[in-house]
Amino acid sequence: MDTFENSWVEALESRFGSIDSILKVQANDDQPLIHVFYFEDLPEEGTLTAVTCGLSNASHTDWKQGKPELIVSLDTSDKSWGFAAGYFASAYFNEKRFSYGDVFLIDNPISEESAMSAYLVFAPSFLNQEQATFELPDRTIYLAGMYPLFASEIDLYNKIGLKEFWHSEGFDMYNPKRTPVAGSDNPDS
């Protein structure tokens, strides 16, 4: 691992405890390799949290105060959810902002647990702004939360906005097996 990766591992482990496993993701041969660090039982027993390592090496004109890395926390043991976050980080490296409200979609379900095939970017589920910000020697990193969506929910989300969607009946940020939000046209479930 390079100097940034070592600094990032130290920062994460000092805040979250030991990394339980690591996967490597590369969207395709001309995209960067992203590491995904997994923390079991974080923030509580039965919740798997995955954090990317490498997205903050990208550049984007909107990143002025810091750079993102992605975090996914779900009540699951399936590492596919974290792998997908790493895939998006690699595929859209230097292209997308990964800002609150952004949506990322793939053609197939993210996991065998569910038909959800998209992620919504928003604040991390169990961290306040200070806890989600890391000052490393060479950069400031803020964690951006990734929340799975059904493809059919994207139109509803675009129509009613983040706040209304977030508080919609059926939305459960930790449940990868949830049913679609009420009001979405759902052929997915």
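User: Is Ser90 buried or exposed?
Analyst: Ser90 is buried, with a relative accessible area of 0%, where buried means under 20% relative accessible area, exposed means over 50%, and partly exposed lies in between, using a 1.4 Å probe and protein chains only. Please keep in mind that this is a predicted model, in which local features need pLDDT of at least 70 and side-chain atom pairs count only at pLDDT 80 or more, while totals for chains, interfaces and linings use all residues. Residues are numbered from 1 along each chain as its sequence is written, and side-chain values use heavy atoms, with hydrogens and water left out.

User: Which element is Ser90 found in, and what does Ser90 touch?
Analyst: Ser90 is found in helix α2, which covers residues 80–91; helices here are DSSP runs of H or I with at least four residues, strands are E runs of at least two, and both are numbered from the N terminus. Leaving aside residues up to four places away in sequence, Ser90 touches Val25, Gln26, Ala27, Gln31, Pro32 and Ile34, a contact being heavy atoms within 4.5 Å.

User: Ok, strands then. How much of β2 is buried?
Analyst: Six of the seven residues in strand β2 (residues 34–40) are buried, and the strand is mostly covered.

User: And which strands does β2 run antiparallel to?
Analyst: Strand β1 (residues 21–25) is joined to β2 by five bridges in an antiparallel arrangement, and six bridges join β2 to strand β3 (residues 48–53), again antiparallel. Two strands are said to pair if DSSP finds at least two bridges between them.

User: What stands opposite Val36?
Analyst: Val36 in β2 stands opposite Leu23, and Val36 also stands opposite Thr52 in β3.

User: Zooming out, how many helices and strands does the chain have?
Analyst: There are three helices and eight strands, and along the sequence they follow the pattern α-β-β-β-β-α-β-β-β-β-α.

User: What about the overall dimensions?
Analyst: The C-alpha trace spans about 45 × 40 × 35 Å along its principal axes. The radius of gyration is 16 Å, which agrees with the value near 16 Å for a compact globule of 189 residues; the radius is taken over C-alpha atoms, and the globule rule is 2.2 Å times the number of residues to the power 0.38.

User: How much of the chain is buried?
Analyst: Buried residues make up 51% of the 189 residues. Among contacts with a separation of 6 or more, 59% come from residues 24 or more positions apart.
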